[in-house]
Amino acid sequence: MTIEQVASGDMATHQVKVEGFGTYEVEEGTKLVHALEKSGVDVSHRCGGLARCTTCRVTFAEGEPEMGQVEHDSLEEDGELGNFRLSCQVRVDRNMEVSVLMRASDKGWEPGPEVEP
Ligand code: FES
């Protein structure tokens, strides 16, 4: 995003397609977990976005971004590396197609504490 885009309020957006829900226009840099919630998908985030609970799990059909160290270490520790990604650790920087693996309503949970922007 350029300084001009920020100044003019013309933020770049990307399309996030959520399997079973629809396709949503999402501002660049938005955490994927926030994009999902804003789109009405009750994705779980039981640790509040700290990469600890792994309940915000998603899989990518398209547009999977690189993984950061915190996410990598959390998934490796749980033996889940390669099985899914943590939507609290992914920022939308391209078009994406995802499936949400744990919905709060399916589990009978509240989604979890608010995740920092
Ligand atoms: S790992 Fe807990 S909210 Fe993402």
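Predicted model: local features only at pLDDT ≥ 70, side-chain atom pairs only at ≥ 80, totals over all residues.
Local features are described where pLDDT is at least 70, side-chain atom pairs count only at pLDDT 80 or more, and totals for chains, interfaces and linings use all residues. Residue numbers start from 1 along each chain as its sequence is written.

The protein has four helices and five strands. Helices (H or I, at least four residues) and strands (E, at least two) are DSSP runs, numbered from the N terminus. Along the sequence these elements follow the pattern α-β-β-α-β-α-β-β-α. The radius of gyration, taken over C-alpha atoms, is 14 Å, close to the 13 Å that the globule rule gives for 117 residues, so the protein is as compact as a globular protein of that length. That rule is 2.2 Å times the number of residues to the power 0.38. The C-alpha trace spans about 40 × 30 × 25 Å along its principal axes.

The strands form an open sheet in the order β2-β1-β5-β3-β4, with mixed pairing. Strands β2 and β4 (85–86) are at the edges with a single partner strand each, so one side of each has no neighbour in the sheet. Two strands count as paired if DSSP finds at least two bridges between them. In general, strands of a sheet pair through backbone hydrogen bonds, either parallel or antiparallel.

Strand β1 (residues 13–18) pairs with strand β2 (residues 22–27) in the antiparallel sense over six bridges. Within this pair, His14 stands opposite Val26 in β2, and Val16 stands opposite Tyr24 in β2. The two strands form a hairpin with three residues between them, and Gly20 in the turn has a positive phi of about 85 degrees.

Val16 also belongs to the largest nonpolar core, which has 18 residues; Val16, Leu32, Leu36 and Val100 touch the most other members. Strand β1, helix α2 (32–38) and strand β5 (96–100) each supply at least two residues of this core, and α2 gives the largest share, four residues. A nonpolar core is a set of buried Ala, Val, Leu, Ile, Met, Phe, Trp, Tyr and Cys residues joined through C-beta atoms within 7 Å. Of the 117 residues, 30% count as buried, that is, with 20 or more other C-beta atoms within 10 Å of their own, the C-beta atoms being placed from the backbone.

Leaving aside neighbours within four places in sequence, Leu32 is in contact with Val58, Ser87, Val90 and Val92. Contact here means C-beta atoms, placed from the backbone, within 7 Å. Among contacts between residues at least 6 apart in sequence, 65% join residues at least 24 apart.

Conventions:
Buried ≥ 20, exposed ≤ 12 C-beta atoms within 10 Å, placed from the backbone. Contact = placed C-beta atoms within 7 Å.
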